[in-house]
Amino acid sequence: MSGFVIPAPQVPSLPVQGSTDRFPVRRIFCVGRNYADHAREMGHDPDREPPFFFTKPADALLTDGAPLPYPPATGDLHFEAELVVALGAGGSDVAAADAQRLIWGHAAGNDMTRRDLQAEAKRMGRPWDMAKGFDASAPCGPVSPVDQTGPMDKGRITLEVDGQIRQDACLSQMIWPVAQIIAHLSRLVRLAPGDLIFTGTPAGVGPVRRGQTMTVGIEGLGDLVTQVT
């Protein structure tokens, strides 16, 4: 096999709770509008649409407590607390009843969004890539193995900014539970080990400024703390 003409990029990865090993990340899929109250606050009827997905580059991950540089080209950077599912196995046309076996672990995540760019993209019928997939747009905490946490189908999810709660909901309020998300996504693409799925955010999303600190808390998982610089 011939060598590469430029240095090969590093494999993005997440720390693993209680281990020095890391979880290699292949792709990042995100579910849009998966909590009814959030769908309504964004001006949509949650009863009318099946799950839809967008992606972030794997190297958009921000890990190990690193600070988040305020991104360029925006004046309206928003937080979105989310449960992240890390897949240890893959497949196509996975039945919801079999989806749990694909899960390696879970983590707390934050789907950072340049909301002004997203609003412009929506208005003009353009892709969301530059609103959702910019550098460091996917802060994520350590992955907790599923054999330690069990299924994450209930439990409190919160986001605080400088100690003030901005989002507060329960994972059981998802419109599409994790198993159904995996099953639906596997009918669109062949899932693979190393894929991450950000499973949607509850109501209460809002802006964050330089100097503020965001804390995503999910019952049963470690907190994700990110300072904006």
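**Contacts, rings and cores**

Me: Which residues does Asp195 touch, not counting residues up to four places away in sequence?
Reply: Contact here means heavy atoms within 4.5 Å. Leaving out residues up to four places away in sequence, Asp195 touches Arg26, Arg27, Phe29, Val85, Ala86 and Leu87.

Me: Before we go on, what kind of model is this?
Reply: Residues are numbered from 1 along each chain as its sequence is written, and side-chain values use heavy atoms, with hydrogens and water left out. Local features need pLDDT of at least 70, side-chain atom pairs count only at pLDDT 80 or more, and totals for chains, interfaces and linings use all residues, as this is a predicted model.

Me: Is Asp195 buried or exposed?
Reply: Buried means under 20% relative accessible area, exposed means over 50%, and partly exposed lies in between (1.4 Å probe, protein chains only). Asp195 has 0% relative accessibility, so the residue counts as buried.

Me: Which backbone nitrogen lies 2.8 Å from a polar atom of the side chain of Asp195?
Reply: Asp195 sits in the loop between helix H5 (178-185) and strand S14 (196-198). Helices (H or I, at least four residues) and strands (E, at least two) are DSSP runs, numbered from the N terminus. The nitrogen at 2.8 Å from the Asp195 side chain belongs to Ala192.

Me: How many aromatic pairs are there?
Reply: Rings of Phe, Tyr and Trp (its six-membered ring) pair if their centres lie within 6.5 Å; planes under 30 degrees apart are stacked, over 60 edge-to-face, and the rest tilted. By this rule, the count is 3.

Me: How far apart in sequence are the parts that Phe23 and Trp104 tie together?
Reply: These two rings form a tilted pair, 5.6 Å centre to centre with 45° between the planes. Phe23 lies in strand S2 (residues 22-24) and Trp104 in strand S8 (residues 103-110), so the parts tied together are apart in sequence by 81 residues.

Me: Which residues touch the most other members of the largest nonpolar core?
Reply: A nonpolar core is a set of buried Ala, Val, Leu, Ile, Met, Phe, Trp, Tyr and Cys residues joined through side-chain atoms within 4.5 Å. The largest one has 42 residues, and those touching the most other members are Ile182 and Ile218.

Terms used
A polar contact is a pair of N or O atoms within 3.5 Å; within protein, one must be able to donate a hydrogen and the other to accept it, and residues adjacent in sequence count only if both atoms are side-chain atoms.
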